[in-house]
Amino acid sequence: MVRLLIRCMKLSFLPAFAICTVLSLSSCALFKKNNGGEGGADGDYVTGTPLPERQEGTGFMSDNVNRSQFQPVYFGFDSFTVSDAELAKLDTVAGAMKRMPNNIIVAGFTDNRGTEEYNRGLGERRAEAVREALIGMGVNASRLQTVSFGADMPADPGDSEAAYAKNRRAEFGVVKK
Amino acid sequence: MINIAVDGVSAAISPTLQKDLSLSGAFSLGQPAGASYIISGDGSGGSFHGLVKDRSSGVVLSKSYSGEPRAIAHQFADDVVQTITGHPGIANSTIAFVSTRTGRKEIYTADYDGSNVRQLTHDNGISVAPALSADGRRLAYTGYLSGYADIYLVDLASGRRERIVKFPGTNSGAAFSPDGGRIACTVSKDGNPELYVIGVNGQGAHRLTHTHGVESSPSWSPDGREIVYSSDETGSPRLFRIPSGGGDAQAVNTGFGFCTEPSWSPDGRKVAFTIRQGGFSIGVTDLGSGATRVVSPDGKDAVWGADSRHLIYCNGSSIVLLDSQTGRSIPIVTGLGNVSEPTWSR
């Protein structure tokens, strides 16, 4: 009986998350950082869309990847919520992906105000939040890879609020065909 | 502090031995008169016989050593510490860390006192998050040679390297189990950064967490049964512990809001971690009493030594050795650019 209940929750959870992603990404804060104190709990539910196999030999920094086609998506301090203000950028990417066959590597980055390994995780979470939003906009999950560089590749190496804001980002690498 | 005297030890061994005994924090080094123990030894490089006598000339330690003078001094120092205090020493250990000396982040190794610095990786990319096995023979790290973050395993004696965790997404933050057979790490292949336990051969990956947040920086309990880590599932990152075979996570209440990079002490009693409150500081939570104290007002990425008393941490430009009991801190690695993410064998 309990198992059945868990299965139902699991099934109902997925569409709820997808709807939330499409309608209002900011409301996903409910899922990401305010779920009532079960941090790290080993629950039987899905927390993201599994990544496809990598295309070996191609990474975000490879020569055959165009990193300047789309605008970066920016984030708040210690946040992986895609704000409403950034959503138009994702619309552009999702729209382009429907017209072109190329796959995209989403790279996540942080400012340098956390510890290194936490920042790697946070950067990855940002990339995966962007990926999840694109999937919610109809992009096939198999076309989207993620990678995190944490605080190691700042867009602006400065130590100011303005620099930090530029560094908390996700970038899009379009894999050339 | 126990009064000891180093008397009649050759010049090749004595300076390192005295420094090791002093850095242990357990002893006051002075003259033989008034010392509770007299440390002596015959021989120098190659072969050495160490002797420890108590006040009534009773022999409490008599042991032969061979090898390089520095290695002999470190081993003898640890035996002196173990014999007199009953606790393990830190002298015969290895540290590793990340340095930007070349302009890129590469992994370096050194003795615990910062001597014998060696550049281990020459990847010319981003090589980070080093973790030494307890025996100091192997090192795992995160490298981007594939274009993605993967975990590599290096045999330090042979230099042989293999890529052991290469799932889609980001694989990082390896920590060896106490027996060296497994690593815990962060893997994002399921669409979210989660904690996994994986054999050091890369096989048998087992997922531990299922959250919407970021799990990172696992550190094993000394019996290998539990893992402490940071998760931001409930807001800012906080510390949790979870059975290494899977099960329910439990919050480790530190009283601080932004806690990352925990290190579980080898005696099992304490967890050191980084607090972010404006700048960074180092906290230690006693798992028995639940009490937390700040042991250093600056620094991050603290990791325990074998004695569960000393920590090493970084403050940007140096790696610092801290006696968590007395507060004495000594920079041990400096002048290598920006240094970060230290790890320490036991």
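Let's start with a strand pair. Four bridges join strand β21 (residues 259-264) of chain B to β22(B), and the two run antiparallel. Strands here are DSSP runs of E, at least two residues, and helices are runs of H or I, at least four residues, both numbered from the N terminus. Two strands count as paired if DSSP finds at least two bridges between them.

Some housekeeping. This is a predicted model, where local features need pLDDT of at least 70, side-chain atom pairs count only at pLDDT 80 or more, and totals for chains, interfaces and linings use all residues. Residues are numbered from 1 along each chain as its sequence is written, while chains are lettered from A and ligands numbered from 1 in the order in which they are written.

Back to β22(B). B:Cys259 has B:Ile275 of β22(B) as its bridge partner. β21(B) and β22(B) make a hairpin with five residues between them. In that turn, B:Gly268 has a positive phi of about 80°. On to strand β23 (residues 279-286) of chain B: it pairs with β22(B) over eight bridges, again in the antiparallel sense. There, B:Phe273 is bridged to B:Gly283 of β23(B). One residue separates β22(B) and β23(B) in their hairpin, and B:Gly278 in the turn has a positive phi of about 80°.

Is β22(B) mostly covered or mostly open? Mostly covered: seven of its eight residues, 270-277, are buried. Buried means 20 or more other C-beta atoms within 10 Å of the residue's own, with C-beta atoms placed from the backbone.

Next, the domains of chain B. The assignment gives domain 1 (2-85) and domain 2 (94-344); such bounds come from an automatic or database domain assignment. Their centres, taken over C-alpha atoms, are separated by 32 Å.

Now helix α2 of chain B, residues 69-85. Its 17 residues should span 24 Å at 1.5 Å a residue, and the end C-alpha atoms are 24 Å apart, so the two agree. The expected span is 1.5 Å times one less than the number of residues. Twelve of the 17 residues are buried, so α2(B) is largely enclosed by the rest of the structure. Among them are B:Arg70, B:His74, B:Phe76 and B:Asp78. What do the buried residues pack against? The partners are β1 (2-6), α1 (14-23), β3 (37-43), β4 (46-54) and β5 (59-67) of chain B. Just after the helix, B:Gly86 takes a positive phi of about 80°.

Then an open sheet. Its four strands run in the order β17-β18-β19-β20 in chain B, with antiparallel pairing. β17 (215-220) and β20 (250-252) of chain B each have a single partner strand, so one side of each is left without a neighbour in the sheet. Neighbouring strands are turned by 35° against each other on average, direction ignored. β19(B), residues 238-243, pairs with β20(B) over three bridges. B:Phe240 has B:Ala251 of β20(B) as its partner.

Chain A comes in here. α4(A) lies across β17 and β18 (226-231) of chain B, at about 140° to β17(B). Axes are lines fitted to C-alpha atoms, for helices over the stretch in contact, and angles run from 0 to 180 degrees between N-to-C directions.

Last, the interface. 43 residues of chain A are in contact with 54 of chain B, contact meaning C-beta atoms, placed from the backbone, within 7 Å. α4(A) gives the largest share of chain A's side, nine residues.

Conventions: Two residues are in contact if their C-beta atoms, placed from the backbone, lie within 7 Å.
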